[in-house]
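Here's a quick briefing to read alongside the model. Have the sequence and the 3D view open as you go.

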Amino acid sequence: AYAMSSIRLGWYKVYRPLEFYAAMFTVAPGGFEAQIVMRGRQEVMRVLSELNKKGMDITQKEAAMITTLQLVSEFYARGFKFLPVSLKNSDAFVFKPEDGKIRLPFSSLAGVGETAARNIADVMANEEIYSVEDLRIRAGLSKPVVDVLAENGVLDGLSETNQLSLF
């Protein structure tokens, strides 16, 4: 059974690499941080080096991050790229292949929890959002989550409030 699983995984990695990586990142137990990954392979390698220097003083979260960052480094080495989190195109949890790249989900942002990611995806799928205030209220987001979204460019293009200016 393990041999057949290895053969299947190997086939996808060779012949359908984008789908392979999207699936692997989606089911990764943790450690994927979009803020690190979006800075490119050099940043991923720097963080990996720092984590490896810690040796036995590493936390459980950091240990999970090592495996994920190694896979991200391989992904970059093969010439693939990530697309940033997008209000219109991102899923709550699934890394989606899109135009030869992989679109990051809301949950890949450190500080955006499962509930917030699910709420954002649900609101964006069912309603038109006109402002940051509108998104915050409809998705039930806290200020720190809104700040993380803003810092990562997810809210670019949205006005702060629903109020119109006549000037």
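K54 pairs with E62 in a salt bridge, with the closest N and O atoms 2.6 Å apart; a salt bridge here is a side-chain nitrogen of Lys or Arg within 4 Å of a carboxyl oxygen of Asp or Glu. Keep in mind that this is a predicted model, where local features need pLDDT of at least 70 and side-chain atom pairs count only at pLDDT 80 or more, while totals for chains, interfaces and linings use all residues. Residues are numbered from 1 along each chain as its sequence is written, and side-chain values use heavy atoms, with hydrogens and water left out.

**Salt bridges**

- In all, the structure holds eleven salt bridges.
- The cut-offs are under 20% relative accessible area for buried, over 50% for exposed and in between for partly exposed, using a 1.4 Å probe and protein chains only.
- E127 and R138 also meet through their side chains in a salt bridge, at 2.6 Å from N to O. This pair ties together distant parts of the chain, eleven residues apart: E127 sits in the loop between α6 (114-126) and α7 (132-139), and R138 in helix α7. Helices (H or I, at least four residues) and strands (E, at least two) are DSSP runs numbered from the N terminus.
- Both partners there are partly exposed, E127 with a relative accessible area of 36% and R138 with 38%.
- R39 and E43 make another side-chain salt bridge, at 3.4 Å from N to O. E43 is buried at 14% relative accessible area, but R39 counts as exposed at 55%.
- That pair belongs to a salt-bridge network of R39, E43, R46 and E50.

**Second largest pocket**

- E127 turns up again here, in a lining made of S86, L87, K88, M124, E127, E128, I129, V154, D156 and L158. A pocket is found on a 1 Å grid over the protein atoms alone, as an open set of points where a 1.4 Å probe fits, with protein on both sides within 12 Å along at least five of seven lines; lining residues have an atom within 4 Å of a point.
- The volume of this second largest pocket is about 170 Å³, counted as the space filled by probe spheres set on grid points that are joined across faces, edges and corners.
- Its lining splits into five nonpolar, one polar and four charged residues. Nonpolar covers Ala, Val, Leu, Ile, Met, Phe, Trp, Tyr, Cys and Pro, charged covers Asp, Glu, Lys and Arg, and the others, Gly among them, are polar.

- A nonpolar surface patch is formed by W11, Y12, V14 and Y15, with about 480 Å² of accessible area together. Such patches take residues with over 30% relative accessible area and no salt bridge, joining nonpolar side chains (Val, Leu, Ile, Met, Phe, Trp, Tyr) within 5 Å and like charges within 9 Å. The areas come from the Shrake-Rupley method with a 1.4 Å probe, and for residues only the protein chains shown count as cover.
- Y12 lies in helix α1 (residues 2-15) and is partly exposed at 44% relative accessible area.
- F20, in helix α2 (residues 17-27), is buried at 8%.

- D99 has a positive phi, near 55 degrees, in a residue other than glycine.
- D99 sits in the loop between β2 (96-98) and β3 (101-103) and counts as exposed at 72% relative accessibility.
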